[in-house]
Amino acid sequence: MHPALLGVITIIVGVGGCVGYFYGSNLFLDKVLFPAKGPNAGRNINRANIIRPWLFLMPALLALGLYLAYPVVATLILSFQERGAGGVRTFVGFENYTKMFAEPKFGEAMRNNVLWLVVVPAASTALGLLVAQLTDRLKWGSIAKSIIFMPMAISFVGAAVIFKLVYEARPEDVAQIGILNHLFLLFGGDEPQQWLTIPFWNNFFLMIVLIWIQTGFAMVILSAALRGIPEETIEAAIVDGANPFQIFFKIKIPQIMGTIVVVWTTITIATLKVFDIVFAMTNGQWETQVLANYMYDKLFRANDWGMGSAAAMIIMLLVTPILVWNVYNARQEMK
Amino acid sequence: METPGQKPLVVWALNISVVLLVLLWIFPTLGLFVSSFRTGDQITASGWWSSMFPAEQTLQFRAADPDDNRIETSAGVFVVEGNVFEGGDVLGIDSWGTSSRALDAYQVGETADLGDGETLTLSEGGAYVWQGDEDQMSGRGQRIFLTATVPPEFTTNNYGFVLFDEDNSEGMAKAFFNTLTVVIPATVIPILIAAFAAYALAWMDFPGRALLIATVVGLLVVPLQLALIPLLSLHNAVGIGKGYLGVWLAHTGFGLPLAIYLLRNYMVGLPRDIIENARVDGATEFQIFTKIILPLSFPALASFAIFQFLWTWNDLLVALVFLIDSSGNTTVMTKQIVELLGTRGGDWEILATSAFVSIAVPLAVFFMMQRYLVRGLLAGSVK
């Protein structure tokens, strides 16, 4: 069957099935199981109302449980197992982890991931804040913001191609078509550089891609936060003779600190999972490996499920503090 | 800046710094966009930034073969006439020469002295008159070097090749439709499931509600890397294997936490009176949901739809793991581009065009629906 036709059928079956399920199950509950009439009408209405939330939640809970909660447990178990011939799995304790920690590529991936985690959220948040502040009262600010926000819509793979062109290097005696090398030679560089193959520094050239994408996100949210600052606090500071820098750092920043933390952690999570950029631009060569790509290598190239799962658990472990923090905050807000 | 007391100098500095930032942000994308309209030769000959202006180029021509074309005008004087641009576009000539060591020796209309009475005159429009005696006017045609101003030239052939060329096995047309096939069900289905769940979490009272909300918040950040192996084994075990059904289910599962979270946050903010009144009037929960909540939640539904659309359209990892099998028939655009990066790393006209084909749709959605996207982002992260 043609996939597009299959897609249409899936939409119809999926949407129809969902609507049918919700409608049918409600109808069944109200008319058959606990009808709101007869001698037990009052009790039946109450009983129906106890069950109804779970009818509404059921498909979502099934999907969440199966596609997110179960895999966390399953991956944890897989990371303690080794897959032998014929798919037979044996429990090996922490062997996958010790083997992984001994691998230089893993050490490299960890070092790079830490580097990414330090640089990308900081740079994106700072740049986003800068743009938000600069465009705050600008007449054409919304156009400027739109353009800086735009990379949000571009895929990591698309961005990888875009920046490969920026970093492109050609032999010294012909015209440079990568703008970075063009500028590098213009400002006194001696020869064109293969930017993505210079160990250590190439990490930063990859990070620039993610910073370029994430700055718009930071800007949108911080810009709204800046707008939300009460005018009086700023006016009072002006009356007291504060200069613009003091107003920005001493009055505005403290008031939006909560939002800055949210932006920072959100970008941190995006950074932790970064895969496509490295996969498409260097594939971990020239010492640019990161955890997510290392994991993919182990799972689908080396076909080593144990070590791949162990690597995935390391990513999970790094996310956990943020997860706990988010849940804690959400519970605070609900009280 | 309307704020009184701002010095004009500061305002200028502000405007200029924002202009610089905007240029910095748009330059990389612009480079790819411009490159997708140039031929491969043009891309390697000069940087894309110079392609928008007329460029000076040195072109080499040869006068027509003298043995065939010479005309004896008077005794012992032979002439060959012709036009260097014959059959092509006429360019503006800045200067010309007859030797590669002196490319700009003559101006238009001047006559070059080739020695021993042999001459060549080049006039406006490329017409030349080459004149000499019998010995000189034989063998090969005289070389003519032109320094000409070439206007910017763009082509849409790359798009034709990448999208519509039947013989191009690396074309994007199929991948485009595959991506579309993945995206639409993967966007529509989670919205529906999430909307019901969000309503229950927002407006129904039941034990365990707070715990469920906390769980959803927790699942928001669970890396989908963890799901790859367990779910792939699960799909294989139940017979779905690699294919569209698997990728739709996976995207639905991965998109749900954000969908529920966004929609619940929005629904909680709807006025309590409307819902209570409807309940008093005897409306069932199902009716309240479909007749009141769903229409009022349109902005939140739109926000999530855009997120999910962008995310599934741009996704590579989920498609690699759950969809693309060894036959390659179900490849999506992101995968196709990664392949091209490997096999056609230097063919920038193909790469740029293919990448732009995949970027164009999300960009269009982005610019049309930016309002909802911003609103969704704010609802999702600022409290």
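Predicted model: local features only at pLDDT ≥ 70, side-chain atom pairs only at ≥ 80, totals over all residues.
1. The expected span of a helix is 1.5 Å times one less than its number of residues.

2. The bend is about 30 degrees and is centred on A:Gln214.

3. Helix α10 of chain B runs over residues 285-296 and has 12 residues. At 1.5 Å a residue it should span 16 Å, and its end C-alpha atoms are 15 Å apart, which agrees. Which residues of α10(B) are buried? They are B:Glu285, B:Phe286, B:Ile288, B:Phe289, B:Ile292 and B:Ile293.

4. Next, the interface. Chain B contributes 102 residues to the contact and chain A contributes 101 residues. The size of an interface is often given as the accessible area lost when the parts come together. Here chains B and A bury about 9300 Å² between them. Carbon and sulfur atoms account for 82% of that area. The number of salt bridges between chain B and chain A is 0.

5. Over all chains, the structure holds 7 salt bridges. One of them joins A:Lys298 to A:Glu103, with the closest N and O atoms 3.1 Å apart. This pair links distant parts of the chain, 195 residues apart. A:Lys298 sits in helix α13 (residues 291-301) of chain A. A:Glu103 is in the loop between α3 (95-102) and α4 (104-135) of chain A. Are the two partners buried or exposed? A:Lys298 has 14% relative accessibility and counts as buried, because the cut-off is under 20%. A:Glu103 is partly exposed, with a relative accessible area of 22%.

6. A:Arg137 and A:Glu231 form another salt bridge, with a closest N to O separation of 3.6 Å. This pair also links distant parts of the chain, 94 residues apart. A:Arg137 lies in the loop between α4 and α5 (141-149) of chain A. A:Glu231 belongs to helix α9 (residues 231-239) of chain A. Both residues are partly exposed: A:Arg137 has a relative accessible area of 32%, and A:Glu231 has 39%.

7. The salt bridge between A:Arg301 and A:Asp297 has its closest N and O atoms 2.1 Å apart. Both residues lie in helix α13 of chain A. They are 4 residues apart, about one turn of the helix. A:Arg301 is partly exposed, with a relative accessible area of 44%.

8. Now a loop residue. A:Asp190 is placed in the loop between α7 (179-186) and α8 of chain A. A:Asp190 is exposed, because its relative accessible area of 60% is over 50%. Leaving aside neighbours within four places in sequence, A:Asp190 is in contact with A:Glu172, A:Phe184 and A:Leu185. A:Glu172 is 18 residues away along the chain, and its C-alpha atom is 9.1 Å from that of A:Asp190.

9. Last, the domains of chain B. The assignment gives domain 1 (8-51), domain 2 (55-150) and domain 3 (160-381). The centres of domain 1 and domain 2 of chain B, taken over C-alpha atoms, are separated by 40 Å.

Note on methods: Residues numbered from 1 in each chain as written. Chains lettered and ligands numbered in written order. Heavy atoms only, no water. Bend = angle between axes of the 7 residues up to and from the residue. Helix = DSSP H or I, 4+ residues; strand = E, 2+ residues; numbered from the N terminus. Domains from an automatic or database assignment. Contact = heavy atoms within 4.5 Å. Buried area = accessible area lost by both parts, 1.4 Å probe. Salt bridge = Lys/Arg side-chain N within 4 Å of Asp/Glu carboxyl O. Buried < 20%, exposed > 50% of the residue type's maximum accessible area, 1.4 Å probe, protein only.
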